[in-house]
Amino acid sequence: MPLVQDGTSRFLELLSDIRNGEHYLPSSFVYLLIPGLFSNHGPLYFVAIKRFFSKMGLACHIAKVHSEASVEHNALELKLYIEEIYWGFGKPVMLLGHSKGGIDAAAAVSIYWSDLKDKVAGLALVQSPYGGTPIASDILREGQIGDKETRRILELIICKIIKGDIRALEDLTYERRKEFIMKHQLPRDLPLISFHSEASIAPGVLATMTQIAHAELPWRLLPKFWTEESHSFAESGHQVPVLIPLSAAMAVCALHLQLRYGEKSDGLVTCRDAEVPGSFVVRPSMKLDHAWMVYSSKKKSPSEPGAREMSEALLTLLVELGNTKREVVQVS
């Protein structure tokens, strides 16, 4: 496997320029965002980033793929989608995939590179389990206590309820990723960036989980369409579950992975597994969990960059990398 190169310092320079009002992304590309697993059930997935790019006058689209489908199925869907965009706009496509979306995009260019070579200008994988994820491997590993029951539940949720394919999760296990990478390697001449982060496991974030309890709500706040039978019960108050903050859940997962495997992660993907061989790797020091890159459209404080700015910085770095590769080819 080819070695990675650290592109963090240049990424941070570009991010600083962007936050100061300097934008370098050219309009000569179409920017395609590929969402990750279960994104079909998150209507705001990538929407803020797409709007941000569109306001800058850039052609930006969110790939319409069934996120719960297998990697090879989505690879073909993305191949057709990229070709449609290329012939429609007459411009090459820059790909940015988050989580499984990065895996689907990498599979598309790996399998169909002969057809996409002149149509795809670069690929950025953001928090993508290119090497696999221990979460998927642990859930589906045979021999574990309750593994059969766990699989039945997953099949019910993925296949019956959300009309997906259990292979979407199987494809992210270490065994399946190893098989796929050995069979389909990424093209060496493709500009490639991999971005990973580490979730905060600070006591303050973890403490949020200990506060999850049941909130006692007055009966007047309950919906009016409740039945008369439940009305007397509601008058005395009713306990409803409080939603678990996503950052706290990611922190617990990250702590689990660190204690069990000694690996740093964003809560779902370890930093090691997100580094794609032969890529420019961006390793920010900011504590960002797996969901932050997609749903953090609002900044927590003015001093912190938002997901939109970081996506722009990643794609700007990808454009630079592509220009450098072309210059090297021309000189040689």
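Is Cys 253 buried, exposed or partly exposed? Select Cys 253: at 27% relative accessibility, this residue counts as partly exposed. Here buried means under 20% relative accessible area, exposed means over 50%, and partly exposed lies in between (1.4 Å probe, protein chains only).

The model is predicted, so local features need pLDDT of at least 70 and side-chain atom pairs count only at pLDDT 80 or more, while totals for chains, interfaces and linings use all residues. Residues are numbered from 1 along each chain as its sequence is written, and side-chain values use heavy atoms, with hydrogens and water left out.

Next, select Cys 271, which is buried with a relative accessible area of 14%. The count of disulfides (pairs of cysteine sulfur atoms within 2.5 Å) comes to zero.

Now colour the chain by pLDDT, the predictor's confidence in each residue, from 0 to 100. The chain has a mean pLDDT of 80, and 73% of its residues reach 70 or more. Select residues 153-164, where the pLDDT is below 50; this stretch has 24 contacts in the model beyond near neighbours in sequence. A contact means heavy atoms within 4.5 Å. Residues 211-243 also have pLDDT below 50, with 27 contacts beyond near neighbours in sequence.

Move to Ser 99, in the loop between β4 (93-98) and α4 (100-111). Helices (H or I, at least four residues) and strands (E, at least two) are DSSP runs, numbered from the N terminus. Ser 99 is buried at 11% relative accessibility, and its phi is positive, near 55°. Most residues other than glycine have a negative phi.

Finally, select Gln 127, in the loop between β5 (120-126) and α6 (134-140). Gln 127 has a positive phi near 55° and is buried, with a relative accessible area of 1%.
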